[in-house]
Amino acid sequence: MSLVTALYASPSQHLLSHAPDHPVLYFAPSILQATAKRFLSGFPGLVTYAVKANDAEEVLENLMAAGVEAFDVASPFEMARVKKLMPSAVLHYNNPVRSEAEVATAIAHGVASYSVDSMGELAKLVRCGVPLSAEVSVRLRLPVKGAAYDFGVKFGADPELAVSLLRAVAEAGFVPSMTFHPGTQCADPTAWGVYIDSCAAVARDAGVTLERLNVGGGYAAHRTGAAPDLEAIFAAIELAATRAFGDAAPALVCEPGRAMVAESFSLATRVKAIRDDNAVFLNDGIYGGLAELPILGNTDRIELVSLNGKRDAAPIEHIVFGPTCDSLDRLPGTVALAGDLAEGDWLIWHGLGAYSTATVTRFNGYGAIEVVTTNRLA
Ligand SMILES: *Cc1c(COP(=O)(O)O)cnc(C)c1O
């Protein structure tokens with residue numbers, strides 16, 4: 001496999017020649033492959049991709065072309081999609097809650113690694129006949145800050161339970177490992193260090209040698225200000241693992257979703273109307289590709305494209321609404337946009353490849369987002 005051929009040079013070239021009235025998501029496979037190679041060459045261990053961030057086949061195919069061979073899957077659908085595109089793909093099933101039927105599907109797909117955060121779910125894996133050659137990773141949770149929102153609310157075992165679980169995993173005969181997720185859009189490298197130290201303490205207390213340590217996803221995408229320094233986080237992870245485990249350091253695994261895919265897509269929304277009070281109505285909003293903005297905050301990576309020349313008036317703050325008749329369909333606060341913004345202009349939101357199309361709805365008949373492949377996004 002190699003690069004998917006791009007149809008257009010850039011989003012603005014496509015917008016200006018087609019003037020689409022519907023939202024368009026521009027995908028640059030070359031950027032996705034470059035990001036994958038950055039993880040593959042920079043991360044000191046196995047790189048897996050968390051499919052839920054964006055499960056589009058063209059995303060998976062380009063990651064595979066770039067050399068990604070292992071995937072974090074959460075459902076039978078994700079397993080089947082990955083295996084269809086790459087029968088040899090390694091699957092890590094790190095959704096720690098599963099039905100018996102889902103476990104049976106995982107066994108049939110030859111899942112290599114399962115995570116658990118409760119005794120009941122571990123017993124289920126044993127009862128369903130997961131082969132002992134499989135890895136079982138105990139998912140730890142800690143009250144760690146630094147991420148945009150806390151993943152520990154739903155999943156993870158506290159350290160005390162993690163000790164008994166890890167012991168039970170080893171006694172059951174599975175390959176014992178640990179995992180954690182520091183929370184998504186995590187901008188603080190020390191969050192990983194805190195988790196790695198705790199995993200080492202849990203393993204020590206359980207008297208179990210970890211085969212591997214999965215340091216999760218959570219790597220921040222570029223949303224505002226300067227781009228995050230991924231390599232600095234990789235270095236902090238490696239240092240923390242060496243310090244915590246010494247010579248017996250487990251092999252490391254990471255499972256980025258957001259940071260792998262965010263930068264390779266930009267969303268073009270069109271200005272439908274600017275009302276008398278300057279409120280802007282777009283053709284996409286929180287039920288579509290901008291779903292995450294109310295949770296994570298607005299980005300400042302907005303590019304304005306107009307059919308009628310440059311927009312260079314000083315920016316003013318606008319309230320921005322999505323197209324549906326629901327009053328929640330509004331971006332947080334206000335957004336600074338050119339004072340001469342006009343109906344028919346487009347706002348391109350960069351860095352929107354993760355958790356955008358993955359969660360889009362067709363609420364009120366909106367949300368039909370066309371995907372167009374481009375060479376570059378700027
Ligand atoms: C969602 C998820 C990820 C990916 O998280 P990002 O913040 O998108 O990097 C990784 N692992 C697990 C278990 C997840 O649920």
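Rings of Phe, Tyr and Trp (its six-membered ring) are taken as a pair if their centres lie within 6.5 Å; planes under 30 degrees apart count as stacked, over 60 as edge-to-face and the rest as tilted. By this rule, the structure has ten aromatic pairs. The model is a predicted one: local features need pLDDT of at least 70, side-chain atom pairs count only at pLDDT 80 or more, and totals for chains, interfaces and linings use all residues. Residues are numbered from 1 along each chain as its sequence is written, and side-chain values use heavy atoms, with hydrogens and water left out.

Helices (H or I, at least four residues) and strands (E, at least two) are DSSP runs, numbered from the N terminus. Buried means under 20% relative accessible area, exposed over 50%, and partly exposed in between (1.4 Å probe, protein chains only).

**Aromatic rings**

- Phe 27 and Phe 265 form a stacked pair, with 4.5 Å from centre to centre and 10 degrees between the planes.
- Phe 27 belongs to strand S1 (residues 24-27) and Phe 265 to strand S10 (residues 265-274), so this pair ties together parts that are 238 residues apart in sequence.
- Both Phe 27 and Phe 265 are buried.
- The ring centres of Tyr 287 and Phe 363 are 4.5 Å apart and their planes stand at 65 degrees, so this pair is edge-to-face.
- Tyr 287 lies in the loop between strand S11 (280-282) and helix H11 (293-296), and Phe 363 in the loop between S16 and S17, so the pair ties together parts that are 76 residues apart in sequence.
- Tyr 287 counts as partly exposed at 22% relative accessibility, and Phe 363 counts as partly exposed at 36%.
- One aromatic cluster is formed by Phe 39, Phe 43, Trp 192, Tyr 219 and Phe 234.

**Helix H9**

- The 16 residues of helix H9 (residues 230-245) should span 22 Å at 1.5 Å a residue, and the end C-alpha atoms are 23 Å apart, which agrees; the expected span is 1.5 Å times one less than the number of residues.
- The buried residues in H9 are Leu 230, Ile 233, Phe 234, Ile 237, Ala 240, Ala 241, Ala 244 and Phe 245.
- They cover an arc of only 130 degrees around the axis, which puts them on the same side of H9; the arc is that of the directions from the helix axis to the C-beta atoms.
- Leu 239 and Arg 243 are exposed residues on the face of H9 turned away from its buried side.
- The buried residues of H9 pack against helix H2 (29-42), H8, strand S8 (212-214) and strand S9 (251-254), where contact means heavy atoms within 4.5 Å.
- Asp 229 caps the N-terminal end of H9, with a side-chain oxygen 3.3 Å from the backbone nitrogen of Glu 231.

- His 181 lies in the loop between S7 and H8 and counts as buried at 14% relative accessibility.
- The side chain of His 181 reaches the backbone nitrogen of Gly 183 at 2.9 Å.
- Thr 299, in the loop between H11 and strand S12 (302-305), is buried with a relative accessible area of 7%.
- A polar atom of the Thr 299 side chain lies 3.2 Å from the backbone nitrogen of Arg 301.
- Residues up to four places away in sequence aside, Thr 299 touches Arg 223, Thr 224 and Trp 349.

- Most residues other than glycine have a negative phi.
- Gln 185 has a positive phi near 55 degrees and is placed in the loop between strand S7 (175-179) and helix H8 (190-206).
- Asn 364 has a positive phi near 65 degrees and is placed in the loop between strand S16 (346-350) and strand S17 (370-373).
- Gln 185 is buried at 14% relative accessible area, whereas Asn 364 is partly exposed at 41%.

**Cysteines**

- The structure holds zero disulfides, a disulfide being a pair of cysteine sulfur atoms within 2.5 Å.
- Cys 199 is in no disulfide, and the nearest cysteine sulfur, that of Cys 186, is 14 Å away.
- Cys 199 is buried at 0% relative accessibility.

How values were computed:
Polar contact = N/O pair within 3.5 Å; in protein donor to acceptor, adjacent residues only side chain to side chain.
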